[in-house]
Amino acid sequence: MKALVVRLDSFGDVLLAGPAVRAVAAHCSHVAMLCGPRGAAAARLLPGVDEVLEWEAPWEGFDPPAVDVADVDRLLVRLRAAAFDTALVLTSFHQSPLPTALLLRLAGVTRIGAESVDHPGRLLDVRHRRREGRHEAEAALDTAAAMGFTPPEGDDGRLRVLPPPDTSGMTGHGPYVVLHPGATAPARAWSAHRCEEAVALLADAGHRVVVTGGPDETALTRRVSGDVAVDLGGRTGPRTLAGVLRMADVVVSANTGPAHLAAAVGTPVVSLFAPVVPADRWAPYGVPTIILGDPSAPCADTRALVCPVPGHPCLDEVTGQDVVRAVHKLMQERHS
């Protein structure tokens, strides 16, 4: 049976779909993932994925493209040619799977399942309703199970990626702490001056610090690293970043893709978590985690991309010393 798993949003969201993908792969001979451009690289890291299809949906992302009939037609041609027997559409709690399900139905997919609060008409064959209190990774796995895709025996349901490369040539030898200062949305990012403070205090406490960031964050990582940290800004692709995070004692990160990648390689996380989305659904999953930030701040549950509160108090009231204490606590727990 050929299966398609759809997750159209960002890198971290696709990583959270990993346990559900493995469940589908346990029952199917071929599993493809349909992802947006921000998530496709994460899909290529997931065990159980045989093929990655990339398409940018006009209902996803911070700046979605215009609806283009020719673009939709090209996608339908690709999906019809692939002849998928079944499709699992994964979405966050605030997203609808129905636009995707309509396209899959038009492409000839005969059995489609998703979590949906809206009446799906004939678009879904399996309509799952989310259980209260479920993390996004658990909710995806629940939806897969509703379609009959139960996890393989011995699968613990945690996040996982394919084995990353040895990155000691980039980080140097010996223990280190990673600080990732960037975030996909400004509302979720810790301020640069707080990141600088944390790097300096971690170094003063005797830690080697490695600072990571994407190609568009090199100015930020250079500033945060100063003259005390290893600056890997712009130097790590997804696989090499996984290697860097895997060998860290602790990763310090906002609620963004690298926090979930750290969880997928089994590294504890100090999560600087802005409450614009709920932590019980989006915190790093399956690893020891300390969440810093004010969960009752006025921005809570707004899904804001830019902080609506002057001074960004939900995160900027967290100090560098708070991070040092959290790192030490996680390291003590890990080594005990």
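1. Cys 314 counts as buried, at 2% relative accessibility, in what is a predicted model. Its sulfur lies 3.9 Å from the closest cysteine sulfur, that of Cys 299, and this is too far for a bond, because a disulfide calls for a pair of cysteine sulfur atoms within 2.5 Å. Cys 28 is likewise buried, with a relative accessible area of 11%, but the closest cysteine sulfur to its own, in Cys 35, is 16 Å away and again too far for a bond. The count of disulfides in the model comes to zero.

2. Glu 115 and Arg 130 meet through their side chains at 3.0 Å, N to O. Because Glu 115 lies in strand E5 (residues 111-115) and Arg 130 in the loop between strand E6 (126-128) and helix H6 (136-146), this pair ties together parts that are 15 residues apart in sequence. Both Glu 115 and Arg 130 are buried.

3. Asp 142 and Arg 134 form another salt bridge, in which the closest N and O atoms are 2.8 Å apart, and here too both residues are buried. The setting of Arg 325 and Asp 322 should be read alongside this, since their side chains meet in a salt bridge at 2.6 Å, N to O, while Arg 325 is partly exposed at 48% relative accessibility and Asp 322 is partly exposed with a relative accessible area of 24%. Arg 325 and Asp 322 are three residues apart in helix H14 (residues 320-335), so they are separated by about one helical turn.

4. Salt bridges also join into a network, one that links Arg 22, Asp 155, Asp 156 and Arg 160.

5. On aromatic residues, the structure holds one aromatic pair. The rings of Trp 55 and Trp 59 have centres 5.7 Å apart and planes at 65°, so the arrangement is edge-to-face.

6. Strand E12 (residues 289-292) has Ile 290 and Leu 292 on a covered face, while Thr 289 and Ile 291 belong to the uncovered one.

7. Ser 253, which is found in strand E10 (residues 250-254), is buried, with a relative accessible area of 0%. Once neighbours within four places in sequence are left aside, the contacts of Ser 253 are with His 180, Pro 258, Ala 259, Val 270, Ser 271 and Leu 272.

How values were computed:
Residues numbered from 1 in each chain as written. Predicted model: local features only at pLDDT ≥ 70, side-chain atom pairs only at ≥ 80, totals over all residues. Heavy atoms only, no water. Buried < 20%, exposed > 50% of the residue type's maximum accessible area, 1.4 Å probe, protein only. Helix = DSSP H or I, 4+ residues; strand = E, 2+ residues; numbered from the N terminus. Phe/Tyr/Trp six-rings, centres within 6.5 Å; stacked < 30°, edge-to-face > 60°. Contact = heavy atoms within 4.5 Å. Salt bridge = Lys/Arg side-chain N within 4 Å of Asp/Glu carboxyl O.
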